[in-house]
Amino acid sequence: MPYRAPTHDIRFLLEQVAGFDRVRETGHYEDAGPDVTEAILEEAGKVCTEILAPLQRPGDTHPARLENGVVRTSPGYGDGFRAIADGGWVSLSADPEYGGMGLPIAIQTAVNDMMSGACLSLQLNPLLTQGQIEAIAAHASDEIKALYLPKLISGEWTGTMNLTEPQAGSDVGALTTKAVPDGDGAYRISGQKIYITWGDTDFAENVCHLVLARLPDAPKGTRGISLFLVPKRLPDEAGNAGVANGVSVVSLEEKLGLHGSPTCVMQYEDAKGWLVGPEQGGMAAMFTMMNNARLGVGAQGIGVAEAAWQQALSYGMDRKQGRAEGTGTIAEHPDVRRMLSLMKAEIRAARSIALMNAVALDMARATGDGGWRARAELLIPITKAYGTDTGIAVSDLGIQVHGGMGYVEETGASQFFRDVRVTAIYEGTNGIQAMDLVGRKMADNGEAALALIDEISAEAEAARAEMPELAEPVWHAAENLREGVEAMVALEGKDRLAGATPFLRAFARVLGGHCHLRAARAGGAHAALAQVFVSRLLPEHESLLAEAKEGAGTLYALSLDDLAA
Ligand SMILES: Cc1cc2nc3c(=O)[nH]c(=O)nc-3n(C[C@H](O)[C@H](O)[C@H](O)COP(=O)(O)OP(=O)(O)OC[C@H]3O[C@@H](n4cnc5c(N)ncnc54)[C@H](O)[C@@H]3O)c2cc1C
């Protein structure tokens, strides 16, 4: 079944669950009224359903390839990208001064979700460009902004993010790419970067690389890193893409999925670049890009989960096996019904959390309020890890619903799984996200987490009389999580880090219950879906919290020799 953008569901969650009305009330965003929001989502949905979704299979069967040092993209990708760029979808939230629409990040997140469901490998391109736009807008000189932002926002030029080197993956501070001042206000960059997504393309005039590198005599580790903008072609005096810079694509990775997205090994040889942010302020500038990208990658997982679920539902409602009641299809069998229901319940929870996260970012931007900023920062690792885990879990179930037809390539069910698998790895592995949650994001002694839990408890309390079967378990789960936060804050070092992943997952379960309760209060079938989540998925938070509090002792009691024995 072809993918259909879930505009209706997203609008419902934005309005009824994520609290988008509060963003409107700030008056900060002129174009965020209900009619405009609806029109934008409908229009973006049309592009996804009609133009991008048909590119999903060709991207897989005709991968991007390298020909004489130039990337040749999958069939139709050039037209697909043009549709994204011409519609202004590359960066909806960018500053209107440079050609953006200045829309809330919540709308951008909704559009990212739909585009990822339609064609993840192509959507990665505008997602990285969005991050670059945000980093340049926040940290670059006025000259760089004036030259690059209009081209990136219009999609004439595209953007990449270059952190990883063979010896510097999660440990970004180990990077060795060098930058030397050229005496002319610019720098010369030399080194090799690996795994660079959309490191080149044949559908944009220029590709702009944000590259982390180290100046001579810079201190070791992340403190010594600076950020540079290095275009593939140097802008001429009129600001157009001119002569080639010292940047080349050495090879493309062969990988499990995402075949339409070229993953490049990049070589920089004396390439000319310009500093973004202060010298040795590279990580701070890069974090602007990474926060945006982490929310975007969470939305990627959710988008793919939606597409996998739509296809599984359609297959399940068509395939007949054994004696089943009603329609006589496998969707009537209790185990298949269980899978289809869990998939839908999980997607709703993850999507609601991502939209809540985006709303918190919009509120922080509109009000400058530190509480909203802390809320947004707290939610980023949860959105990223839970959104992508949901993509993997749901697309895995999607294969199971298809039976053998899920394992063969013909249906496309396995492509969702292969494509989405990497989302738990890039943009900081999900293990690193969990460490971020229990480390940096709870360095306030859990204050931001506890403030959110207070709200969850209060709302469950308020809903108790109306729908006790949902409100009671959510209230109890929130109180368990409160204890969990206090316990994590009390743990130190390895003991806290060993519990990071189960703790993040428990947090997501409780947030999911909270979001489903909010949706249920809107009436209709929402309450039945909430019941599925609350009775079948929410209870997992208890065992996850127990594991989180366990500390590292049991893990290290088993030595590496014991593991290898
Ligand atoms: C398809 C694809 C596209 C990518 N696109 C880009 C891109 O555009 N730009 C870019 O710069 N990079 C990109 N990457 C790189 C990606 O961000 C890294 O793969 C990722 O950061 C992990 O680094 P690594 O692969 O070296 O794994 P490692 O860092 O070696 O990690 C291996 C395992 O160890 C764990 N681990 C590592 N350190 C710690 C720690 N301190 N504590 C606990 N656990 C730890 C990890 O969680 C993981 O489970 C891409 C990768 C892929 C596969």
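Predicted model: local features only at pLDDT ≥ 70, side-chain atom pairs only at ≥ 80, totals over all residues.
Residues are numbered from 1 along each chain as its sequence is written, and side-chain values use heavy atoms, with hydrogens and water left out.

First, the core. A nonpolar core here is a set of buried Ala, Val, Leu, Ile, Met, Phe, Trp, Tyr and Cys residues joined through side-chain atoms within 4.5 Å; buried means under 20% relative accessible area, with a 1.4 Å probe and protein chains only. The largest one has 165 residues, and Leu52, Leu122, Phe503 and Phe507 touch the most other members. Helix 9, residues 334–367, gives the most to this core, with 19 residues. Helices are DSSP runs (H or I, at least four residues), numbered from the N terminus.

Take Phe503. Leaving aside residues up to four places away in sequence, its contacts (heavy atoms within 4.5 Å) include Leu481, Gly484, Met488, Leu545 and Ala548.

Next, the helix pair. The axes, lines fitted to C-alpha atoms over the stretch in contact, of helix 15 (468–490) and helix 19 (540–548) come within 10 Å and cross at roughly 10 degrees. The two helices are therefore roughly parallel, a label for angles under 35 degrees. Ala477, Asn480, Leu481, Gly484 and Met488 in helix 15 meet His541, Glu542, Leu545 and Ala548 in helix 19.

Last, helix 12, residues 413–420: seven of its eight residues are buried, including Phe416 and Arg418. Their cover includes helix 6 and helix 10.

Technical notes
Buried < 20%, exposed > 50% of the residue type's maximum accessible area, 1.4 Å probe, protein only. Axes fitted to C-alpha atoms, helices over the stretch in contact; angles between N-to-C directions. Parallel < 35°, antiparallel > 145°, perpendicular 65-115°, else oblique.
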